[in-house]
Amino acid sequence: MCSYITQIASIIGKGSGPNGWFNINQANVYFDHPFHAPLDHAITIDFVNPAMGPSARVAIELSADSAEELMHTIDTNIYGNGSGDYKPADKSDAVELFGSGKGSRGWFSLEKALIYQSNDETKQGAGLNIDFLSKSSSSGNDRDISVEVTSESAKAISTSINAALENGRREHIL
Amino acid sequence: MYQGMLAETIFHTGHDGDNIQAYLARPLGSGPYPSVIVIHHMPGWDEASKEIARKFAYHGYVAIAPNLHYREAPGASPDDAAAAVRAAGGVPDARCIGDVKGSANYLRSLPYANGKVGVIGYCSGGRQVYIVACNIPSLDAAVDCYGGRVVMAEDNLTNRMPVSPINMTPDMNCPILGLFGAEDANPDTQQVQVIEQELKRNNKNYEFHTYENAGHGFFSIDRPSYNVEAAVDGWNKIFDFYGKYLS
């Protein structure tokens, strides 16, 4: 799309990226040309901490369908699916993904995301965990990406994904 | 026939006298060779952009790709740098002009260059080509490959991009070749027509081609948008155009 239209959300959380875990305080979401994913356009989510410099970034590039699915699953986890059940790691929701992520060993192709809840009040309160996995990480390799954010932050990320998709529709590239 | 090239990162003076990084690819010979400035696309100063520079070197050009994201992220990977620049609102147009002018000065200082300098850009780089061609009088030829947002609505203008490039058309200083895809949404065929009409109205030297069945990014060999017919013909047109104006 070649635009700089970006949804910028303030968030609270931490992420594990190329250089290990770090505190993240901003999610930049846009629908544009990806860097790694074999797509013409992708929803990119940059989880960043600008004060730590450009390399403090957890990057995810998703097809529009994958991003939409991820958004709905985040929403379901935040707002509940009617039952109000707490969903720990061993009961995580899985979302099949097409796209790329930048993990500890650089860019790799994503296979799925696991979404579950945390209620560790000593850290940052109740929140959402999202693990992005490659095929190799699913079979035990450590090439994955994790993001832990508060529920409010997860809502902001979901809203940003929705706005970026809307922008893609408005620009006739989706 | 012997063939060889040297490709390396160098530094040159850019906008406001800043030292910026650039990727230089040149044939191993005494020249004199024409020069081309390769403006990288929005995903950054990446492998694909450097590959284009090497393609020009293979064809007998001194090619330079300035890192327009260098200031925000010196030493960072191209993707992280691109992300940082995007979050900041993009490359300021004035800074792009200054950096490309710096690249042109650097190229003209090289003993094996013939002094003629062209510019080429893809995607957002195509838009920047249009801008530098209107603002750097010393450029000799420009190639805009599907540059989006040459025609900008008033509410899309920002401090970093304060003027719609189409309004700079009276100052277009050199011949311009435009290569577009009929299936592209940005620029769409209507926008391309508007640009073409504006160039015509201002008696500018232009050559526009729109490929049927091709979309945005048809030169990108590593993306689904790659279109072999458009890309092969497009490269032929680029080398014909530069052969005419940079020899």
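1. Strands (E, at least two residues) and helices (H or I, at least four) are DSSP runs, numbered from the N terminus. This is a predicted model, in which local features need pLDDT of at least 70 and side-chain atom pairs count only at pLDDT 80 or more, while totals for chains, interfaces and linings use all residues. Residues are numbered from 1 along each chain as its sequence is written, chains are lettered from A and ligands numbered from 1 in the order in which they are written, and side-chain values use heavy atoms, with hydrogens and water left out.

2. Let me begin with chain A. It has 3 helices and 8 strands, and along the sequence they follow the pattern β-β-β-β-α-β-β-β-α-β-α. Of the 174 residues in chain A, 53% are buried. Buried here means under 20% relative accessible area, exposed means over 50%, and partly exposed is in between (1.4 Å probe, protein chains only).

3. Chain B has an open sheet of 8 strands with mixed pairing, in the order β1-β2-β4-β3-β5-β6-β7-β8. At its edges stand β1 (5–13) and β8 of chain B, each with a single partner strand, so one side of each has no neighbour in the sheet. On average, neighbouring strands of this sheet are turned by 20° against each other, direction ignored. For such angles, axes are lines fitted to C-alpha atoms (for helices, over the stretch in contact), and angles run from 0 to 180 degrees between N-to-C directions.

4. β1(B) and β2(B) run antiparallel and are joined by 9 bridges. B:Glu8 has B:Leu24 in β2(B) as its bridge partner, and B:Thr13 stands opposite B:Asn19 of β2(B). The hairpin of these two strands has 5 residues between them, and there B:Asp16 takes a positive phi near 60°.

5. What does β2(B) pair with in the antiparallel sense over 4 bridges? The partner is strand β4 (residues 62–66) of chain B, and B:Ala25 has B:Ala63 as its bridge partner in β4(B). β2(B) is mostly covered, with 8 of its 9 residues buried.

6. Please check the two cis peptide bonds by eye. One joins B:Gly31 and B:Pro32, with omega about 0°; B:Pro32 is in the loop between β2 (19–27) and β3 (33–39) of chain B. Another joins B:Asn186 and B:Pro187, with omega about 10°, and B:Pro187 is in the loop between β7 (176–181) and α5 (189–201) of chain B.

7. Some positive phi values also deserve a glance. B:Cys123, not a glycine, has a phi of about 60° and lies in the loop between β5 (113–122) and α4 (124–135) of chain B. B:Asn213, also not a glycine, has a phi of about 65° and sits in the loop between β8 (206–211) and α6 (228–246) of chain B. B:Cys123 is buried at 4% relative accessible area, whereas B:Asn213 is exposed at 64%.

8. B:Cys134 is buried at 5% relative accessibility, and B:Cys145 is buried at 0%.

9. Last, the largest pocket. Its volume is about 660 Å³, and its lining has 32 residues, with B:Ala48, B:Phe219, B:Ser220, B:Ile221 and B:Asp222 nearest the centre. On a 1 Å grid over the protein atoms alone, a pocket is an open set of points where a 1.4 Å probe fits, with protein on both sides within 12 Å along at least five of seven lines; lining residues have an atom within 4 Å of a point. Points are joined across faces, edges and corners, and the volume is the space filled by probe spheres set on them. The elements giving two or more residues to the lining are α1 (47–58) and α6 of chain B, and α1(B) gives the most, with 6 residues.

Technical notes. Pairing = 2+ DSSP bridges.
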